[in-house]
Amino acid sequence: MRLATAAIHVGQEPDAVTGATVPPIHITSTYTQESPGVHKGYEYSRTANPTRVALEKCLAAIEGGEAATAFPSGLAATNALFANLRPGDSVVSYADVYGGTYRLLEKCFRPWGLDARYTNDPSPKAFDALMDKTTKLVWLETPTNPLLRVIDIAAVAEVVRARGAKLAVDNTFATPALQLPIKLGADYVVHSSTKYLGGHSDVIGGAVICKRAADAEPIATYLNAAGSCPGPFDVYLTHRGIKTLAVRMEAHCRNALAIAEHLAGRGKGKGPAGGAKLSRVVYPKLEDHPDRAIAERQMCGGGGIVTIVFAEGFAAAKRFCERVKVFSLAESLGGVESLVNHPAIMTHASIPREVRESRGITDGLVRLSVGIEDVRDLIEDIEQGLG
Ligand SMILES: *Cc1c(COP(=O)(O)O)cnc(C)c1O
């Protein structure tokens, strides 16, 4: 079944008792048994809840994995994956990953005995160079945040497989609508469903999707043992959001590309003159993007994020963030509404300045999470913001 169909139908069979086309939300902590140990497959909602199971089936189907486990946040999902490693193991990761992933590795897992190694070079050779016998997991995120570097998943997967390790891809930015890491060789896909999967900025959630059902077992066991389970209302909202993922991603990509092209043309005298000057417009489908060839191969759309750099630095970036009206100044991304974020002060503030700047996250950089509003209103808002 293809994504748009699976997103709507998998886990959403009409209710067996009433025929309700949309299955009910199962608001229950426990399940009545006929006789001790005789039940309908559910005993206690930390272990399993039908609303959560419905979402998990859907997630596995849309990512092309055999099984999925839903968590109450993206970081809880990431945590479950790292927690299944052992002290003395190592993880190799691209350096420019989600700040919370870096914090989890450094603040929680390094003291516990997990060694994390980071490469600034996203080439397969660079990942390979950091791997040894202790390396059990390679972690990557593509496109990266906020510089939108695109990493070749298939090429890294080959290196990881040759070493006998496993590959996890954080697919939060691209979603299965744009790229399918498991098809490209990944063993795990991790999501912050808070972003595009949920899609409406109204719920925090996460998931681990496994290529093989056998790999999902220890993750579900960890969820049950450690107690990190999402509630039925939250998983319902996430599942409801996923039903429109395919059309939303098309709209996000269309709007983001139009904005990226408009802003890139602006510097070349194609747009209105005057106002703040941009020294860079970053979008994976623009001709000058350093990883455009990989993006063309790997992603069937550029995604909904456009990153811009103000030539005049912080003051101009700040002024723009304050002036835009349709774009809300807020952290997070991936919702139907457009957001603007200043990474150096907001989402990426915990990264030391030198490290941040060495990665190109300067004080003049602004990240746009382009929503699905009418793009003419978005471009007009950006123009008046640039003033
Ligand atoms: C937001 C985000 C996370 C963390 O997810 P939460 O749901 O906030 O815990 C992980 N990875 C990426 C790429 C993210 O954008």
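The points below go from the whole chain to single residues.

1. Overall form. This is a predicted model. The protein chain holds 14 helices and 12 strands. A compact globule of 387 residues would have a radius of gyration near 21 Å, and the chain has 21 Å, so the two agree. Along the principal axes, the C-alpha atoms fill a box of roughly 75 × 50 × 35 Å.

2. Of the 387 residues, 53% are buried. Among contacts with a separation of 6 or more, 70% are between residues 24 or more positions apart.

3. The accessible surface of the protein chain is about 16600 Å², and carbon and sulfur atoms contribute 54% of that.

4. Helix H12. Which residues of H12 (residues 314–323) are buried? They are Ala 316, Ala 317, Phe 320 and Cys 321. These residues lie on the same side of H12, because they cover an arc of only 135° around the axis. An α-helix has 3.6 residues a turn, so residues three or four places apart point the same way. Ala 315 and Glu 322 are exposed, on the face of H12 turned away from its buried side. The cover over the buried residues includes strands E9 (305–310), E10 (328–329), E11 (339–341) and E12 (365–369), as well as helix H14 (375–386).

5. Gly 371. This residue is in the loop between E12 and H14. Gly 371 counts as buried because its relative accessible area is 0%, and the cut-off for buried is under 20%. Beyond its neighbours within four places in sequence, Gly 371 has contacts that include His 252, Asn 255, Glu 337 and Leu 378. Gly 304 is 67 residues away from Gly 371 in sequence, yet their C-alpha atoms are 7.2 Å apart.

6. Cis peptide bonds. Where is Pro 143? It lies in the loop between strand E4 (135–141) and helix H6 (153–162), and the bond joining Thr 142 to Pro 143 is cis, with omega about -5°. Pro 146 is also found in the loop between E4 and H6. The peptide bond from Asn 145 to Pro 146 is cis, with omega near 0°.

7. Positive phi. Thr 175 is not a glycine but has a positive phi of about 65°. Thr 175 is placed in helix H7 (residues 175–178) and is buried, at 0% relative accessibility. Ser 332, in the loop between E10 and E11, has a positive phi near 75°. Ser 332 counts as partly exposed, at 28% relative accessibility.

Key. Residues are numbered from 1 along each chain as its sequence is written. This is a predicted model: local features need pLDDT of at least 70, side-chain atom pairs count only at pLDDT 80 or more; totals for chains, interfaces and linings use all residues. Side-chain values use heavy atoms; hydrogens and water are left out. Helices (H or I, at least four residues) and strands (E, at least two) are DSSP runs, numbered from the N terminus. The radius of gyration is taken over C-alpha atoms; the globule rule is 2.2 Å times the number of residues to the power 0.38. Buried means under 20% relative accessible area, exposed over 50%, partly exposed in between (1.4 Å probe, protein chains only). Contact means heavy atoms within 4.5 Å. Accessible areas come from the Shrake-Rupley method with a 1.4 Å probe; for residues, only the protein chains shown count as cover. The arc is that of the directions from the helix axis to the C-beta atoms.
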